[in-house]
Amino acid sequence: MSINATLIGQMITFTLLVWFTMKYVWPPIMQALEERKSKIAEGLAAAEKGQEEIRLAEKKAKKVLKEAKEQASEIVSLAQKRANEVVEESKGNAQKEGERMIQAANAQIEQEMQQARESLRKEVSALALRAAEQILQQEIDKAKHKDIINKASEQLG
């Protein structure tokens, strides 16, 4: 193996190239790689944090949904209870109103019956008076009296 000036020149050139590369090219590349590495690590951490936040949000959403369903169920239950109370109250009111109307109708019927009796009594009295007048105005005759009494009784009904 012979060492000549070309080989020495090549070695010096290679050494200068390595030195130049190590001094001026390698540090920015390494710095860029470190920055990229840290960005990727930050991105992964942010992604994991995001995943955790998503899990927490889903958990919170499920909890809120469960609470909302419970509240809705409670509201529906209260509404049904109130509806039943309103129905029962309405039934009670309707029954009271019906009883009141029946009492009013009975009172009205009683009053009308009293009026009819009074009217009938007045009418019978008037007929009796007319019959008596007719009897007194005509001469006394048994056949005529009987005929008048029969007519009066027919009018009474």
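Start by selecting Lys-60, which is exposed, with a relative accessible area of 58%. The model on screen is a predicted one. Lys-60 belongs to helix α1.

**Whole chain**

Zoom out and colour by secondary structure. How many helices and strands does the protein chain have? There are two helices and zero strands. The radius of gyration is 61 Å, well over the 15 Å that the globule rule gives for 157 residues, so the protein chain is more spread out than a compact globule. Along its principal axes, the C-alpha trace spans about 190 × 25 × 25 Å.

Switch to a surface view. The protein chain exposes about 14300 Å², and carbon and sulfur atoms supply 60% of that area. Of the 157 residues, 3% count as buried. Colouring by charge brings up 25 positive and 24 negative side chains. The centres of these two sets lie 7 Å apart.

**Residues 6-26**

Go back to the cartoon and select residues 6-26. What does UniProt call this span? An unreviewed UniProt entry annotates residues 6-26 as "transmembrane region". In the model, the span is 100% helix and 0% strand.

**Residues 47-130**

Next, select residues 47-130. The unreviewed UniProt entry gives "coiled-coil region" as the annotation here. Over residues 47-130 the chain is 100% helix and 0% strand, and the end C-alpha atoms are 119 Å apart.

Two further pairs can be picked for distances. Begin with Lys-59, in helix α1. Is Lys-59 buried or exposed? Lys-59 is exposed, at a relative accessible area of 60%. From Lys-59 to Lys-96 there are 37 residues in sequence and 55 Å in space, C-alpha to C-alpha.

Then pick Glu-97, found in helix α1, which runs over residues 5-137. Glu-97 is partly exposed, with a relative accessible area of 35%. Between Glu-97 and Glu-67 the C-alpha atoms are 44 Å apart, for a sequence separation of 30 residues.

**Salt bridges**

Side chains of opposite charge can pair when their charged atoms come close. The structure holds six salt bridges. Three of them can be visited in turn, as follows.

Select Arg-55 and Glu-52. Arg-55 forms a salt bridge with Glu-52, and the closest N and O atoms are 3.3 Å apart. Both residues lie in helix α1, three residues apart, which is about one turn of the helix. How accessible are the two partners? Arg-55 counts as partly exposed at 48% relative accessibility, and Glu-52 is partly exposed too, with a relative accessible area of 37%.

Move along to Glu-85 and Arg-82. Their side chains meet in a salt bridge, at 3.4 Å from N to O. Because Glu-85 and Arg-82 are three residues apart in helix α1, about one helical turn separates them. Glu-85 is partly exposed, with a relative accessible area of 37%. Arg-82 counts as partly exposed as well, at 44% relative accessibility.

**Helix α2**

For the last stop, select residues 142-156, which make up helix α2. The side chains of Lys-151 and Asp-147 meet in a salt bridge, with an N to O distance of 3.9 Å. Pairs count as salt bridges within 4 Å, so this one meets the cut-off. Asp-147 counts as partly exposed, at 40% relative accessibility.

How values were computed:
Residues are numbered from 1 along each chain as its sequence is written. This is a predicted model: local features need pLDDT of at least 70, side-chain atom pairs count only at pLDDT 80 or more; totals for chains, interfaces and linings use all residues. Side-chain values use heavy atoms; hydrogens and water are left out. Helices (H or I, at least four residues) and strands (E, at least two) are DSSP runs, numbered from the N terminus. The radius of gyration is taken over C-alpha atoms; the globule rule is 2.2 Å times the number of residues to the power 0.38. Buried means under 20% relative accessible area, exposed over 50%, partly exposed in between (1.4 Å probe, protein chains only). Accessible areas come from the Shrake-Rupley method with a 1.4 Å probe; for residues, only the protein chains shown count as cover. Lys and Arg count as positive and Asp and Glu as negative; His and the chain ends are not counted. The place of a charge is taken as NZ of Lys, CZ of Arg, CG of Asp or CD of Glu. UniProt positions are given in the numbering used here, feature names are shortened, and annotations may be inferred rather than shown by experiment.
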